[in-house]
Amino acid sequence: MIALIQRVTQAQVDVQGEIVGKIDKGLLVLLGVEKEDTHEKTDKLAEKVLNYRVFSDENDKMNLNVQQAGGELLIVSQFTLAADTQKGLRPSFSKGAPPDLANELYEYFVQKCGEKIKVSTGQFAADMKVSLVNDGPVTFWLTI
């Protein structure tokens with residue numbers, strides 16, 4: 001399971017011209033689910049995202065997590081993160097989870113994070129337009 005997290009001052013997801021998810025300060029989380037992923041891995045990644053220290057403290061050091069910084073999460077499913085790009089010039093998606101499993105674990109990830117912080121989402125398997133203002137820029141690739 002992969003989470004590409006970006007510290008943002010604002011982010012939103014549009015589907016067919018309508019805003020389906022929007023946050024101000026917080027993290028945009030692009031979530032890729034692989035076929036070997038489980039609920040246990042999802043739990044671990046949710047905890048890592050919620051506790052990863054990427055926000056500045058009073059000394060301008062990255063010592064605060066999104067919860068401590070008073071931020072929110074915008075969680076967007078993105079199967080392309082699971083792509084194998086090692087060979088050739090066209091990605092292979094053989095490592096990606098089938099849609100049923102991917103949706104189940106995506107929804108579970110959203111639920112787990114939502115128990116601790118305000119969460120907005122994209123729409124699973126939709127053609128989404130994601131816009132953001134990356135703060136820093138600060139972007140990290142987290143895997144479990």
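Which residue caps the N-terminal end of H1? Thr38 does, with a side-chain oxygen 3.4 Å from the backbone nitrogen of Glu40. The legends below describe a predicted model, in which local features need pLDDT of at least 70 and side-chain atom pairs count only at pLDDT 80 or more, while totals for chains, interfaces and linings use all residues. Residues are numbered from 1 along each chain as its sequence is written, and side-chain values use heavy atoms, with hydrogens and water left out.

**View 1**
Helix H1 covers residues 39–51; helices (H or I, at least four residues) and strands (E, at least two) are DSSP runs, numbered from the N terminus. Thr42, Leu45, Ala46, Val49 and Leu50 of H1 are buried; buried means under 20% relative accessible area, exposed over 50%, and partly exposed in between, with a 1.4 Å probe and protein chains only. Seen down the axis of H1, the buried residues fall within an arc of 130°, so they line one face of the helix. The arc is that of the directions from the helix axis to the C-beta atoms. An α-helix has 3.6 residues a turn, so residues three or four places apart point the same way. The buried residues of H1 pack against strands E1 (2–15), E3 (26–32), E6 and E8 (128–143), and against helix H2 (99–114).

**View 1. Strand E1 and its partners.**
In E1, 12 of the 14 residues are buried. E1 runs antiparallel to E8, joined by 12 bridges; two strands pair if DSSP finds at least two bridges between them. Asp14 stands opposite Lys129 in E8. E1 also pairs with E3 in the antiparallel sense over 7 bridges, and there Leu27 is the bridge partner of Arg7. With strand E2 (residues 18–23), E1 has 5 bridges, again antiparallel. Ala11 has Ile23 of E2 as its bridge partner. E1 and E2 form a hairpin with 2 residues between them, and Gln16 in the turn has a positive phi of about 50°.

The structure holds 7 salt bridges, a salt bridge being a side-chain nitrogen of Lys or Arg within 4 Å of a carboxyl oxygen of Asp or Glu. One of them joins the side chains of Asp135 and Arg7 (3.4 Å, N to O). This pair links distant parts of the chain, with Asp135 in strand E8 and Arg7 in strand E1, 128 residues apart. Arg7 is buried because its relative accessibility is 10%, whereas Asp135 is partly exposed at 29%. Asp37 forms a salt bridge with Lys41, the closest N and O atoms being 3.9 Å apart. Asp37 is buried at 6%, and Lys41 is partly exposed at 27%. Between Asp127 and Lys129 the closest N and O atoms are 3.5 Å apart, and both residues are exposed.

**View 2. Ser77 in strand E6.**
Ser77 belongs to strand E6 (residues 72–77). Its relative accessibility is 14%, so Ser77 counts as buried. Leaving aside neighbours within four places in sequence, Ser77 is in contact (heavy atoms within 4.5 Å) with Leu31, Tyr106, Phe124, Ala125 and Met128.

Terms used:
Expected span 1.5 Å × (residues − 1). Polar contact = N/O pair within 3.5 Å; in protein donor to acceptor, adjacent residues only side chain to side chain.
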